[in-house]
Amino acid sequence: MADDPYALAREAAAELLRRFDLESIELAFVLGSGWSAAADDLGEVLGSCPLADLPGFAAPTVVGHGGELRIVRTAAGKTAALFTGRTHYYEGRGVAQVVHGVRTAAAAGVSTLVLTNGCGGLNPAWPPGTAVLIRDHINLTAATPLVGPTFIDMTDAYAPRLRDLARTVDPTLPEGVYVQFHGPNFETPAEVRMAGVLGGDLVGMSTTLETIAAREAGLDVLGVSLVTNQAAGISPTPLHHEEVLEAGREAGPRLRVLLGGLAGVL
Ligand code: HPA
């Protein structure tokens with residue numbers, strides 16, 4: 001990552017807008033584990049390119065995560081960027097790399113960001129396949145994308161207005177607190193119990209650092225988690241990445257309707 005990650009994001013945004021002949025982009029979606037099937041109903045596809053074609057982006061390394069940037073015109077007539085994959089903090093490429101997509105989106109004019117992920121669930125009432133709106137988060141990575149005295153307010157980091165809008169698409173969507181661990185190992189049962197004691201409902205390995213960068217840039221964030229498995233110790237069986245992908249495949253049609261509906265109202 002360059003010395004000035006903000007300048008690199010501006011460069012990537014300029015290249016993106018030039019490549020697709022756009023003046024600006026209004027919305028961005030980041031698809032997490034299990035969400036790739038949800039990509040296809042967001043609107044009319046205006047174009048796509050490998051993310052790695054744009055300045056500062058690295059090819060994704062995680063099975064089940066795509067590496068494409070798609071530009072879509074939503075039913076509401078907005079221009080949206082769809083990132084079919086993300087860089088995770090556990091990849092060891094540094095926190096600036098993790099949030100480069102968010103900063104690029106912001107530099108391209110985006111004002112509303114939808115972050116999705118696959119996660120472990122603590123609430124036994126949320127079986128695998130349940131989509132949950134993120135109400136708040138706890139960042140246990142001990143990292144932040146911010147450097148220096150950048151005192152960003154994190155109250156309502158996940159915009160209540162956007163959560164209300166999401167419930168116009170699906171009134172049954174529950175809300176929860178997402179706890180990000182460093183990963184890539186899944187949590188121990190004791191860590192999952194700790195997350196619960198701290199007020200967490202969901203455990204995962206993404207999203208919070210991106211939300212911090214988004215709030216710094218002034219974006220409104222909607223976070224949606226897919227419970228792909230019951231978290232360690234709550235699940236009676238050991239966890240596997242394959243199970244995470246399988247839950248995504250099964251939930252695909254519902255996620256597609258949810259994300260398509262969101263694209264229509266955001
Ligand atoms: N823990 C952390 N990350 C995850 C999980 C989990 O149980 N499931 C999918 N991503």
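A pocket, on a 1 Å grid over the protein atoms alone, is an open set of points with protein on both sides within 12 Å along at least five of seven lines. A molecule sits in a pocket if more than half of its atoms lie within 2 Å of its grid points. Here, the space taken by the ligand is the largest pocket.

This is a predicted model: local features need pLDDT of at least 70, side-chain atom pairs count only at pLDDT 80 or more, and totals for chains, interfaces and linings use all residues. Residues are numbered from 1 along each chain as its sequence is written, and side-chain values use heavy atoms, with hydrogens and water left out.

**The shell around the ligand**

- The residues surrounding the ligand include Gly118, Cys119, Gly120, Phe186 and Glu187. Each has a heavy atom within 4 Å of the ligand.
- The shell has six nonpolar, five polar and one charged residues. In this scheme Ala, Val, Leu, Ile, Met, Phe, Trp, Tyr, Cys and Pro are nonpolar, Asp, Glu, Lys and Arg are charged, and the others, Gly among them, are polar.
- Strands S5 (112–121), S8 (202–204) and S9 (220–230) each supply at least two shell residues. Strands are DSSP runs (E, at least two residues), numbered from the N terminus.
- S5 gives the most, with three residues.

**Polar atoms at the ligand**

- A polar side-chain atom of Asn229 lies 2.6 Å from a nitrogen atom of the ligand.
- For Thr228, a polar side-chain atom lies 3.4 Å from a ligand nitrogen.
- Gly120 uses its backbone: an N or O atom there lies 3.4 Å from a nitrogen of the ligand.
- Taken alone, the ligand exposes 260 Å², and the protein buries 95% of that. Such areas come from the Shrake-Rupley method with a 1.4 Å probe.

- Ser225 is in strand S9. Ser225 counts as buried because its relative accessibility is 0%; the cut-off is under 20% relative accessible area (1.4 Å probe, protein chains only).
- The side chain of Ser225 makes a polar contact with the side chain of Asn117 at 2.8 Å. Within protein, a polar contact is a pair of N or O atoms within 3.5 Å, one able to donate a hydrogen and the other to accept it; residues adjacent in sequence count only if both atoms are side-chain atoms.
- Gln180 lies in strand S7 (residues 175–180) and is buried at 1%.
- The side chain of Gln180 reaches the backbone oxygen of Met205 at 3.3 Å. A polar contact of 2.6 Å also joins the side chains of Gln180 and Thr208.
- Gly129 lies in the loop between S5 and strand S6 (131–139) and is buried at 8%.

Notes:
1 Å grid on protein atoms, 1.4 Å probe; cavity = no way out; pocket = protein on both sides within 12 Å on 5 of 7 lines; lining within 4 Å. Helix = DSSP H or I, 4+ residues; strand = E, 2+ residues; numbered from the N terminus. Buried < 20%, exposed > 50% of the residue type's maximum accessible area, 1.4 Å probe, protein only.
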